[in-house]
Amino acid sequence: MEGGHGTDAEREDEDFESELLRDRFRLSTISIAEAEAKKNGMDISEPIVACIADLAFKYAEQLAKDLELFAQHAGRKSVNMEDVILSAHRNEHLAASLRSFSNDLKAREPQSEKKRKKVSKKEEKASTSAVHIPDL
């Protein structure tokens with residue numbers, strides 16, 4: 001067993017799932033890029049579309065790693081909305097949009113969810129809109 005991460009069959013399954021996820025992500029990105037180009041009356045070449053898809057996937061991978069590190073640094077196992085907002089700190093427009101989205105989500109939360117348990121303001125802020133992404 002290499003690195004103690006399960007059997008060869010388990011690693012093959014994980015590799016297959018990772019490749020499948022990557023391929024679906026890229027296909028979605030290509031579809032979006034082509035639709036946006038068409039909507040704006042532009043032509044977009046296949047190499048450019050492939051480059052956009054590859055860059056988007058690499059960005060998403062790095063973002064996922066950053067979010068995981070932010071959560072770990074805060075002593076949590078799950079990423080929350082504050083981590084996502086923090087990841088956008090270099091792009092104030094995006095950060096403002098994410099804050100607005102987060103506030104909209106909080107406003108839509110059923111009142112019973114808000115009163116479920118008493119927590120300090122600090123804990124509430126750290127755990128708002130927690131997102132847990134399950135393993136495939």
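View 1. D83 is buried, with a relative accessible area of 3%, whereas R76 is partly exposed at 22%. Buried means under 20% relative accessible area, exposed means over 50%, and partly exposed lies in between (1.4 Å probe, protein chains only). R76 and D83 form a salt bridge whose closest N and O atoms are 2.8 Å apart. A salt bridge here is a side-chain nitrogen of Lys or Arg within 4 Å of a carboxyl oxygen of Asp or Glu. The structure holds 7 salt bridges.

**View 2. The whole predicted model.** This is a predicted model, in which local features need pLDDT of at least 70, side-chain atom pairs count only at pLDDT 80 or more, and totals for chains, interfaces and linings use all residues. Residues are numbered from 1 along each chain as its sequence is written, and side-chain values use heavy atoms, with hydrogens and water left out. The protein has 6 helices and 0 strands; both are DSSP runs numbered from the N terminus (helices: H or I, at least four residues; strands: E, at least two). The mean pLDDT, the predictor's confidence in each residue from 0 to 100, is 84, and 77% of the residues reach 70 or more. Confidence is highest in helix α2 (residues 46–73), at a mean of 95, and lowest in helix α6 (residues 121–127), at 52. Of the 136 residues, 15% count as buried.

**View 3. D54 and K58 in helix α2.** The closest N and O atoms of the salt bridge between D54 and K58 are 3.1 Å apart. The two residues lie 4 residues apart in helix α2, so about one helical turn separates them. D54 is partly exposed at 24% relative accessible area, and K58 is also partly exposed, at 47%. R26 joins D54 and K58 in a network of salt bridges.

**View 4. The salt bridge between R22 and D23.** The closest N and O atoms of R22 and D23 are 3.6 Å apart. R22 has 25% relative accessibility and counts as partly exposed. D23, at 38%, is partly exposed as well.

**View 5. A negative surface patch.** E10, E12, D13, E14, D15, E17 and E19 form this patch. D13 is found in helix α1 (residues 8–39). Patches are made of residues with over 30% relative accessible area and no salt bridge, like charges being joined within 9 Å. Asp and Glu count as negative, and the place of a charge is taken as CG of Asp or CD of Glu. Accessible areas come from the Shrake-Rupley method with a 1.4 Å probe.

Key: Patch = residues over 30% accessible without salt bridge, like charges linked within 9 Å, V, L, I, M, F, W, Y side chains within 5 Å.
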